[in-house]
Amino acid sequence: MAETSVRKAKKIPRPGSAKYVWYKICRNPLALAGVIVICLLVILSILSPYIMKYDYAKIDMRSAYQGPSAEHWFGCDELGRDILARILYGARYTLSVGVLSVLISAGVGVALGAVAGYFGGAVDQVIMRFLDIMAAFPQLLLAIAVSAVLGTGFDKCIYALGISGIPRFARMMRANILTVRNQEFVEAAMSITCTKPRIIVRHVIPNAIAPLIVEISMSIAAAGLAASSLSFIGLGVTPPTPEWGAMLASARNYIRLYPHMIMFPGLFIMLSVLSFNLIGDAIRDALDPKLKD
Amino acid sequence: MSEHRSDFLSVRDLVVHYHSEGKTVKAVNGVSFDLGKGETIGLVGETGAGKTTIAKALMRILPVHSVEHTEGSVTLEGKELMSLPEHEMQQLRGRALSMIFQDPMTALNPVKTVAEQIAEAVRLHNNVSRSQALDRAKEMLTMVGISADRAGEYPHQFSGGMKQRVVIAMALACDPQLLIADEPTTALDVTIQAQVLEMINDLKEKLSTSMIMITHDLGVVAETCDTVAVTYAGQIIEYGTKEDIFDHPTHPYTVGLFNALPNMNDNAARLSPIDGLPPDPTNLPQGCAFSPRCPYATDACRKGVIENYTVSGVHTCRCIRAAKEEV
Amino acid sequence: MAPLLEVKNLKKYFPTSRGVVHAVDDVTFSLDAGKTMGVVGESGCGKSTLGRTIIHLQPSTDGKIIFDGRDVTDVKGNDLKKLRGDMQIVFQDPYSSLNPRMSVHDTIAEPLRLSGKYKGPELENECRRLMDLVGIESRLYNAYPHEMDGGRRQRVGIGRALAMHPRFIVCDEPVSALDVSIQAQVLNLLMDLQDNLGLTYMFVTHDLSVVKHISHSICVMYLGQLVETCATDELFSNQLHPYSKALLSAIPSTDIHHPQKRIVIKGEITSPIDPKPGCRFATRCPYATEACSRPQRLDEVLPGHFVSCCRCREINKL
C-alpha cells in the first residue's frame, strides 16, 4: 500500500536498471547459486586445456570404460578419454550454443514481433503468416530440418536452433505489444508530446518485454537441451567434439554396464538448465515493480 | 413483516479471515443480521468493506485454498448452513439460495445457448426431463422480459442489460427463497439499470423472494431495500430500516458517505469527502476501525471493542457516541 | 467574450469490418474559458471519442475545432506540439493510465523534460511543486503506481496533465473508478484547480449527480449525436429532449420519501454502425413519429437551450 514506499537506503539502484537486476539477484540465494554455477562452468571450460591433467581428445584404450577413481574423477569413456576433461571442455559448446542461438531467435523474434504488433495491418499479416508456417512444426523438428539443410557442425547447429526459435519470441512480443499499445498511458504519452520512437522505447517496450526476458533465460537452458538432442541424433556437433549431448548419445549404448558415462554429462546438463531457470526467475522478479523489496 | 423476523435467515457473529501473500486479511469480523421472508436487506459499503466476502460465506463458495478461518452461524429456515456437509450444501445452492454476480459478461458460458444454461440449472435441482427444463427456461426468460424466441441465442448476441436479465433468470429458475445480488447493476448503464431494478422489484413482489442486495450505490439501496446494513472494515457499523438510515444516519461513517455524495437536490460548492483511506484489512486499527478517519474520535474509540448500541427500535450503531446520545 | 473552444459539426467515423461506426456525428458546441462543460451519455454514445478527437489524440473525420479563436482542426508538427501544451486529458482508469514502470516523479517529470524548459534541480523543484499542487505527499516522490490507491493515482494523472500548463483539460470519467469518499476528494481537487488556475474543463461522465455538481453547462449525447445542450440548472429543471427526460429520471434517488416518477424507456441502445438518417433515439422514444426518421437539427428552442428533436415544442407544449 501507499505508506511503505520510500526507498530509504540511497544505495539501492534504480528499479529497472541493470544494476537493480544484479542487486536483486545478489539477494536471492538460489539465483546467486545459478550465476555462480554458470560462471564456474565458463571459467573452468576456458581454463580446462591448461588445468586438466588429460586432454579431452586423448585416446587411451587401457583405461576404456573405467569408473570414477582418484585418477579419473568422472571415469573414462569407451575410448578411454577422461570424462571430466571432456565435460569441462564441452561446456564451451553446449553453453555457447544455448546463448548464441537464443540471441538469434530472441533478437530477430522480438524485432519482428514488435514491428508486427505496433504497426499492425498488412505488415502484421505478412510477418505473422510467414511465422505461422514456421510455427506449424515443433521447434525440434524444425531445427532438425534446418540443420539437415545446413549440414552438421557447431555453427550450423546454432543457426538451426536460432532460426527455429524465432516464431515463439515474435508471437509473444506481438501479443504483449498489442495489450500494452491499447493502454491509456500510451495515449497519455502521446498527449504530453512524446514522439513515436520515444513512446515505443520508453512506454511500450519496457512493459512488453519483461515476460520475454524470463522466456529468453529459460530458452537458453532449453536450447542447450535441444542442442544436446541434435547432437544425440547426430545432427549437431559431431564427434570427437565433446558436446554434452553428443557425449550422452555415444554413452547410451553402455548405459547398463557403465552408467557413469551417461550420468556425469547428464548431471551437468541438468545443473546448467537449472541454473539458467533460477536466474530467469530472479530477473523476472527484479523487473516486476510490484515485487519491489 | 417483522413477525417473521429471524425466522428465515439469521447470521450470527460471522468471521472470515483469509491469507494473502503471507498476511492475514481480516475480511469479515463478527457480522450479525436477520432477514425476514420476502424482505430485502442492503449491504452498503466501499471497496474492500467485506460485502462480497459475506455473500460468498453465506453461499459457502469462499476460495478454499486461501481461507484461513471462518466462524459464526448462518441459519436458513432453522437449518445451520455453516456445518452442513458439502453435498447437502450443493443441494441448497440454486434452490434455497442463489447468487447473482456483478459482471454479467463473465457469468455466462459463451458456448452454450442461454436457454440451455438456465435449463441446466433447473435440471441440477429438479428431476425433470430436458424438454421440461427448456420450457421452464423459456418461461423464466419471458418473466425477466426477454422474448422466448431468443432462447436459442448465445450470450454474445445479447447486450449487457439483457445478459444481466439472463443471469437473474438463471438465479431465479429454481425458485430460491433467498437471492444474493452482488452489485447486479454496477456494470450497466443508467437507463438499463432502471429497467433491471424495476424488474427485480416486480419479481420480488411476485415471488416473495428474500434478497440481500450488495451495492455501493445509496440510490440503489433507496429503491430496493427494506433494511440497510452499512459495512466498514468487515463489520456492520450501522443497521436499521431504510428510513432509519436515510433519515437519521448516526454513525460518522454513514453520515460521511451521505455528505460525500454529490447531491442532486442542492448545489453545495464543495463536497465533503471523508478524510483518509479505508483501513488495510491486514492491519486493522485498534478499537473502532473508522477512528483514524473520524472527526469525533476520542481516546476511548481507539481501544477496546466498540459495542453495538441501539439507537431506536431495530436501529443499531457501532459507535460510542450513539451510546452517549450525542448525536 | 469569444469562447475558448468551439466545435462545429465535428464528426469521427471509424471504418470497421462490419461497417462504419459513427462514433461522433455532427456535434456542435462552444465552451467559455474558465467554465466546465459536462458531457453525459451512456456507454457507446461517443462521449469519450468526442473528448479524444478534440484534443487531437485521434484525427477528426470532418468538422472544425476552433481553439482560442484559431482553427486547429488540422494542426501538425510543431503547432500540434504547442496545442498539446494547451489541451490535456485526465483518463478514466487510474490503473492503466499510468506507466507501471515509472515512479511518480518519472511520470510527472516526463512532460517537463520534453518541454526542454527544466533541468536538474529546477526539474525536481517543479515536479515537487506539481505534486504539492495536486495533493500528493512528497514522501511518495519515488513511489510506483501499484503502491498507491486509486485516488492518489488519479492525482498523479492530473499532475502529469498540469505539467504542460494547459488551459483546457478533457476529464474522461476521472472519478468513475473511485469509491464515493475518494471521489469527493478528487472532485474537490479539480474544482480548486479550476478556481486557482482558471482551467476550462470538458467533463465526460455517465454519472449525472457528479456532472450536476461540477459543470456549468451540459451536453447530452446519444449514439454519437448531441441531443440537448444547455446550462446545468436548466437541464435539471427543464429537460426538453425525451432521452434527457428518461436519462434523468433513471438515476436512483437517495430521497426515499419523494420517489420520482420514473420514465423507463424500453429496449436498449442500438449500434452506431451505419445508422439510418434521422433521430437515433426514435426506436426507443415513446413520442416517435414518421417525422423522426428525417435528419434532425439542433434548434435553439429556448434562449441558450439547444435541442435536437423535431417534436420538442409539441411534447413540451412550448
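This is a predicted model: local features need pLDDT of at least 70, side-chain atom pairs count only at pLDDT 80 or more; totals for chains, interfaces and linings use all residues.

Find helix α1 of chain A, residues 18-26, and helix α10 of chain A, residues 260-287: they pack at an angle of about 125 degrees, and their axes are 9 Å apart. That angle makes α1(A) oblique to α10(A). If you're wondering about those two numbers, here's the idea: a pair of packed helices is described by the angle between the axes and the distance between them.

Which residues make the contact between α1(A) and α10(A)? On the α1(A) side you'll find A:Y20, A:V21, A:K24 and A:I25. Across from them, α10(A) brings in A:A282, A:I283, A:D285, A:A286 and A:L287. Sort the residues of this contact by class and you get seven nonpolar, no polar and two charged. An α-helix has 3.6 residues a turn, so residues three or four places apart point the same way.

Now slide along chain A to another pair of helices. Helix α5 of chain A covers residues 139-150 and helix α6 of chain A covers residues 154-181; they pack at an angle of about 140 degrees, with axes 8 Å apart. Angles over 145 degrees would count as roughly antiparallel, but α5(A) and α6(A) are oblique to each other. Here too the crossing is right-handed, as α5(A) passes α6(A).

Who meets whom here? From α5(A) come A:Q139, A:L142, A:A143, A:V146, A:S147 and A:L150. They meet A:K156, A:C157, A:Y159, A:A160, A:L161, A:I163, A:S164 and A:G165 in α6(A). By class, that contact has nine nonpolar, four polar and one charged residues.

One more helix in chain A deserves a stop: α7, residues 184-191. Six of its eight residues are buried, so α7(A) is largely enclosed by the rest of the structure. The buried ones are A:F185, A:E187, A:A188, A:A189, A:M190 and A:S191. What do they pack against? Within chain A there's α8 (196-232), but the buried residues of α7(A) also pack against parts of chain C, namely α2 (77-86), β6 (87-90) and α5. After α7(A) comes A:T193, with a positive phi near 65 degrees.

Zoom in on one residue of chain C. Where does C:A163 sit? Look in the loop between α5 (150-162) and β7 (168-172) of chain C. Buried or exposed? C:A163 has 26 other C-beta atoms within 10 Å, and 20 or more is enough to count as buried, so C:A163 is buried. Leaving out residues up to four places away in sequence, C:A163 touches C:I108, C:P111, C:L112 and C:L130.

Next up is chain B, with eleven helices and twelve strands. The radius of gyration of chain B is 21 Å, close to the 20 Å given by the globule rule for 327 residues, so chain B is as compact as a globular protein of that length. Buried residues make up 47% of chain B.

Finally, see where chains B and C touch: 29 residues of chain C are in contact with 37 residues of chain B. On the chain C side, α6 (180-197), α7 (208-214) and α9 (242-250) each supply at least two residues. The largest share, seven residues, comes from α6(C). By class, the chain C side divides into 13 nonpolar, nine polar and seven charged residues.

Note on methods:
Residues are numbered from 1 along each chain as its sequence is written. Chains are lettered from A and ligands numbered from 1 in the order in which they are written. Two residues are in contact if their C-beta atoms, placed from the backbone, lie within 7 Å. Helices (H or I, at least four residues) and strands (E, at least two) are DSSP runs, numbered from the N terminus. Ala, Val, Leu, Ile, Met, Phe, Trp, Tyr, Cys and Pro count as nonpolar, Asp, Glu, Lys and Arg as charged, and the others, Gly among them, as polar. Axes are lines fitted to C-alpha atoms, for helices over the stretch in contact, and angles run from 0 to 180 degrees between N-to-C directions. Angles under 35 degrees count as roughly parallel, over 145 as roughly antiparallel, 65 to 115 as roughly perpendicular and the rest as oblique. The radius of gyration is taken over C-alpha atoms; the globule rule is 2.2 Å times the number of residues to the power 0.38. A residue is buried if 20 or more other C-beta atoms lie within 10 Å of its own, exposed if 12 or fewer, and partly exposed in between; C-beta atoms are placed from the backbone. A crossing is left-handed if the near helix is turned anticlockwise from the far one by less than a right angle, and right-handed if clockwise.
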